[in-house]
Amino acid sequence: MAPRRMERFLGRMLRVVVKVLFAAFKLLAPQQRSDDNRRLPPIANTLLTVPAIQLAQKIRRKEVTSVEVVQAYIDRIQEVNPLINAVVKDRFAAALQEATLVDKLVVEETGGEDVLEDRLPLLGVPFTVKESFALQGMPNSTGLPSRRSVVSGIDAPSVALLKRAGAIPLGVTNCSELCMWLESHNHVYGITRNPYQLGRGAGGSSGGEGSVIASGASVIGVGSDIGGSIRMPCFFNGIFGHKPTSGIVCNDGQYPPPSGQQPGFLCTGPMCRYAQDLVPMLKIMAGPDAEKLCLSADVDLSKLRFFSVPHDGGSPLSSPVDPQLIQAQRKVVERLEADLGVKVKEMRIPQLKYSFQIWGAMMSSPDKDGKIPTSFAELMNGGFYVFCVHSSHPSQFILQQKESLQRELEELLGLDGVLLYPSHPQLAPKHHYPLFTPFNFSYTGIFNILGLPVTQCPLGLSEEGLPLGVQLVAGKLQDRLTLATALYLEQAFGGWREPVVSSLRMC
């Protein structure tokens with residue numbers, strides 16, 4: 001009992017210190033930008049509200065041209081990017097040329113629509129790419145000033161597969177420096193802003209993707225996730241994102257490359273405005289390994305077992321979960337039980353309290369040959385980084401917690417279980433505020449260490465007009481369960497909401 005009392009005391013003391021520092025920051029920080037209260041212009045072109053897979057169908061059927069679709073997204077980027085600073089380098093001229101070739105191919109194809117769908121399922125559909133991925137002819141600095149002049153000569157495998165499926169890249173989007181911070185801000189491109197409230201962050205490290213997709217300026221995008229870098233931006237920006245089972249999608253062609261045990265934690269995955277685009281994107285990005293996921297198999301949600309964990313058990317390092325997020329998750333439970341006739345079991349999993357310590361220990365552990373990971377200071381050429389948790393000797397207690405948590409969740413979820421868990425303890429924070437809550441990402445980061453598939457789902461808007469959401473977690477290789485549940489939740493709660501429509505709340 002004494003250690004628990006001490007833990008609670010330290011937690012309270014930490015929160016007091018954070019509040020004091022936070023108050024000082026508000027006094028000393030620069031004043032709010034004059035345009036922080038501006039709203040994005042509403043979406044005028046209806047092509048911008050069509051899911052990617054439906055756009056591809058319309059292009060194949062000659063109901064719309066790829067040039068029209070690509071031009072619509074170019075226009076929208078040019079309209080909103082001065083406000084959100086999401087796209088950091090475009091390739092609009094090349095994209096229009098490629099769209100012209102697509103339209104020529106559609107006209108000349110003699111095999112019919114089915115042939116095009118089979119060979120090129122995303123033919124003519126535009127997409128965006130996180131700048132940390134190699135996209136031929138585009139910068140690949142990952143926000144590091146020393147890499148400002150680096151231009152990719154090749155495509156990352158996941159990007160190449162999407163291009164091979166007929167998709168057309170529009171450009172690259174902002175990320176946090178070295179992809180290891182909770183906000184997409186760096187000294188090369190500046191800070192990306194949240195389309196729902198410009199004075200708030202878009203998350204990190206795939207925040208540019210989250211912001212541009214939520215703004216209606218991209219329909220699908222490529223992100224990476226080693227601690228929540230797909231799921232946090234998707235949550236903050238009210239869109240869908242999927243961290244696949246570890247090892248399913250190739251992670252090559254990114255900077256920085258993972259080292260130590262990190263290759264087993266890093267995941268590349270899809271970010272989408274519409275849930276129906278998640279499975280087609282994942283099938284393409286996973287290549288031959290998509291077969292391991294049985295993504296075409298039907299999922300009967302009424303036959304699944306559902307569990308709900310409302311918080312991490314009270315870690316002194318993380319913030320308490322916002323009551324609106326607790327309520328949103330409770331409403332999901334109510335809908336699942338009412339619509340599907342299932343019984344959702346609410347649980348507490350004590351090991352989750354050590355999520356950050358587990359993440360930090362495993363991220364800094366050496367590989368099987370004893371080689372320790374490259375430090376962030378080395379990657380930044382001597383720069384300082386807040387997450388320099390570089391210890392090659394994690395405590396036995398933390399390792400035991402990790403192994404215990406791994407066993408418990410794998411046994412709990414099995415082949416037919418889905419776990420509900422908060423995507424983050426707080427709503428999208430104001431710019432720079434994550435400096436005072438740097439461990440909150442542990443709500444997402446723990447699942448990278450466990451290697452489990454996770455889908456982030458939007459659940460409408462809060463009282464402040466900010467996105468609500470929840471994570472769906474399944475057993476290894478059971479990605480189809482969370483993806484099918486995401487489709488259901490999109491229908492039940494409305495999915496993505498246009499940022500300008502702030503009057504809409506959670507259903």
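Helices α10 (residues 323-340) and α15 (residues 479-493) pack with their axes 11 Å apart, at an angle of about 100°. That makes α10 and α15 roughly perpendicular to each other, because angles of 65 to 115 degrees count as such. The model is predicted. It holds three cavities of 30 Å³ or more. The lining of the largest cavity includes Lys130, Ser205 and Ser229, which UniProt lists under "active site" in an unreviewed entry.

**Helix packing**

- Two packed helices are described by the angle between their axes and the distance between the axes.
- On the α10 side, the contact with α15 uses Lys331, Val332, Arg335, Leu336 and Asp339.
- These meet Tyr488, Leu489, Ala492 and Phe493 of α15.
- The contact of α10 with α15 has six nonpolar and three charged residues, and no polar ones.
- A further pair is α11 (residues 355-363) and α13 (residues 396-413), whose axes come within 9 Å and cross at roughly 105°.
- Helices α11 and α13 are therefore also roughly perpendicular to each other.
- From α11, the contact takes in Gln357, Ile358, Ala361 and Met362.
- From α13, it takes in Ile398, Leu399, Gln401, Lys402 and Leu405.
- By class, the contact of α11 with α13 has six nonpolar residues, two polar and one charged.

**Largest cavity**

- The volume of the largest cavity is about 220 Å³.
- Its lining counts 22 residues.
- Nearest the centre of the largest cavity lie Leu178, Met180, Ile226, Pro256 and Gln262.
- Strand β6 (220-225) and helix α12 (376-379) each give at least two residues to this lining.
- The lining of the largest cavity divides into 12 nonpolar, eight polar and two charged residues.

**Second largest cavity**

- The second largest cavity has a volume of about 100 Å³.
- It is lined by 13 residues, with Met180, Trp181, Gly227, Ser229 and Phe441 closest to its centre.
- Nine residues of this lining are nonpolar and four are polar, with no charged residue.

**Annotated residues**

- The "active site" residues in the unreviewed UniProt entry are Lys130, Ser205 and Ser229.
- They span 100 residues in sequence, yet no two of their C-alpha atoms are more than 10.7 Å apart, so they gather at one spot.
- Lys130, Ser205 and Ser229 belong to the lining of the largest cavity.
- Ser205 sits in the loop between β5 (190-191) and α7 (207-214).

**Backbone geometry**

- Most residues other than glycine have a negative phi, and most peptide bonds are trans.
- The peptide bond between Gly204 and Ser205 is cis, with omega about 5°.
- Another cis bond runs from Tyr255 to Pro256, where omega is near 0°.
- Thr142, a residue other than glycine, has a positive phi, near 50°.
- Thr142 lies in the loop between β2 (126-130) and α6 (157-164).

Terms used. Residues numbered from 1 in each chain as written. Predicted model: local features only at pLDDT ≥ 70, side-chain atom pairs only at ≥ 80, totals over all residues. Heavy atoms only, no water. Axes fitted to C-alpha atoms, helices over the stretch in contact; angles between N-to-C directions. Helix = DSSP H or I, 4+ residues; strand = E, 2+ residues; numbered from the N terminus. Parallel < 35°, antiparallel > 145°, perpendicular 65-115°, else oblique. Contact = heavy atoms within 4.5 Å. Nonpolar A, V, L, I, M, F, W, Y, C, P; charged D, E, K, R; others polar. 1 Å grid on protein atoms, 1.4 Å probe; cavity = no way out; pocket = protein on both sides within 12 Å on 5 of 7 lines; lining within 4 Å. Points joined across faces, edges and corners; volume = space filled by probe spheres on them. UniProt positions renumbered as here; feature names shortened; annotations may be inferred.
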